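Q: I've got a model open and I'd like to learn how to read a few of its local features. Can we go through them one at a time?

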Amino acid sequence: MSQPTPDLAGRSPLEIIEWAVATHGPRLMTTTAFGYSGMALLHMLARVERSVPVFFIDTGYHFAETLRFRDFCRDELGLNIIDLRPEQPRERFEAEHGADIMQRQPDFCCARNKVAPLARLLEQRRYDGWLVALRRDQARTRAAIQPVEPQPDGMVKIHPLAEWTRDDVWAYIRQHNVPTHPLHEEGYLSIGCAPCTRPVAAGQHEREGRWAGQGKTECGIHLLNHPAPPQDRLE
């Protein structure tokens, strides 16, 4: 029998994480691409329970800096990072669909290389709590997220940083000396796959550095339970 959803509005991110760990225990997981919000969340999570699995989707298209930072977080910070990979490695995927597939069909590329690996994990039903570092101020598609959101498939998505702003996150990072992705210093405020990520200019929104000119704002992993799932076939 499912438990009622608690009202955690106004609670601190650390309190929300403590609730998530106490409620979901070994069935709690998180995902990350090692952006600054993700690192703040991981730092808080490590203060509560360091053993929670941290899934990283290694699409085959990440910056070399991202992979080195992943290794640092695993080896030096002791985070329980587990890689997920697509069924086809990059070479086979591009041989079948073309090396410019991410420009021609970005939704298809994301669906195969990023969404599908996570979807396969979630289908195993090993976890029923999913910690996510989304914030309302990141994008219009995220403006209404709540700290705790039951999903149609029975999973509960937990957004400890939902009510925080970019400035709140950076204040936490500075206060606690949290390590951050080296590409942030080069103007990459939202970091995804290398072909679809660029630095943003001063005053631009952080998500403007993702899929520039494509009319696309989400990779699709946070739309997995959405009524209109991401495009997973060629048009």
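Q: Is Arg125 buried, exposed or partly exposed?

A: Start with the scale: buried means under 20% relative accessible area, exposed means over 50%, and partly exposed is what falls in between, using a 1.4 Å probe and protein chains only. Arg125 has 49% relative accessibility, so it counts as partly exposed. Before we go on, this is a predicted model, where local features need pLDDT of at least 70 and side-chain atom pairs count only at pLDDT 80 or more, while totals for chains, interfaces and linings use all residues. Residues are numbered from 1 along each chain as its sequence is written, and side-chain values use heavy atoms, with hydrogens and water left out.

Q: What is the phi of Arg125, and where is the residue found?

A: The general idea is that most residues other than glycine have a negative phi. Arg125 has a positive value, near 60°. The residue sits in the loop between H6 and strand E4 (129–131); helices (H or I, at least four residues) and strands (E, at least two) are DSSP runs, numbered from the N terminus. Asn177 is also a non-glycine residue with a positive phi, about 55°. You'll find Asn177 in the segment after helix H7 (166–176), and at 67% relative accessibility Asn177 counts as exposed.

Q: Is His181 buried or exposed, and what does its side chain make a polar contact with?

A: His181 lies in the segment after H7 and is buried, at a relative accessible area of 1%. A polar contact is a pair of N or O atoms within 3.5 Å; within protein, one must be able to donate a hydrogen and the other to accept it, and residues adjacent in sequence count only if both atoms are side-chain atoms. Here the side chains of His181 and Thr66 make one at 2.7 Å. For plain contact, the test is heavy atoms within 4.5 Å. Setting aside neighbours within four places in sequence, His181 is in contact with Phe34, Glu65, Thr66, Phe69 and Ile191.

Q: Which residues of H4 are buried, and which are exposed?

A: An α-helix has 3.6 residues a turn, so residues three or four places apart point the same way. In H4 the buried ones are Phe93, Glu94 and His97. They cover an arc of only 90° around the axis, which puts them on the same side of H4; the arc is that of the directions from the helix axis to the C-beta atoms. Glu91, Arg92, Ala95 and Glu96 are exposed on the other side of H4. Helix H5 (101–104) and helix H6 (106–123) are among what covers the buried residues of H4. Just after H4, Gly98 takes a positive phi of about 100°.

Q: How many salt bridges does the count come to?

A: A salt bridge is a side-chain nitrogen of Lys or Arg within 4 Å of a carboxyl oxygen of Asp or Glu. By this rule there are 15. In one of them, Arg90 pairs with Glu94, with the closest N and O atoms 3.0 Å apart. Arg90 and Glu94 are four residues apart in helix H4 (residues 90–97), so about one helical turn separates them. Arg90 is partly exposed at 33%, whereas Glu94 is buried at 19%.

Q: Which residues do salt bridges with shared partners join into one network?

A: That network holds Asp58, Arg70, Asp71, Arg74, Asp83 and Arg85.
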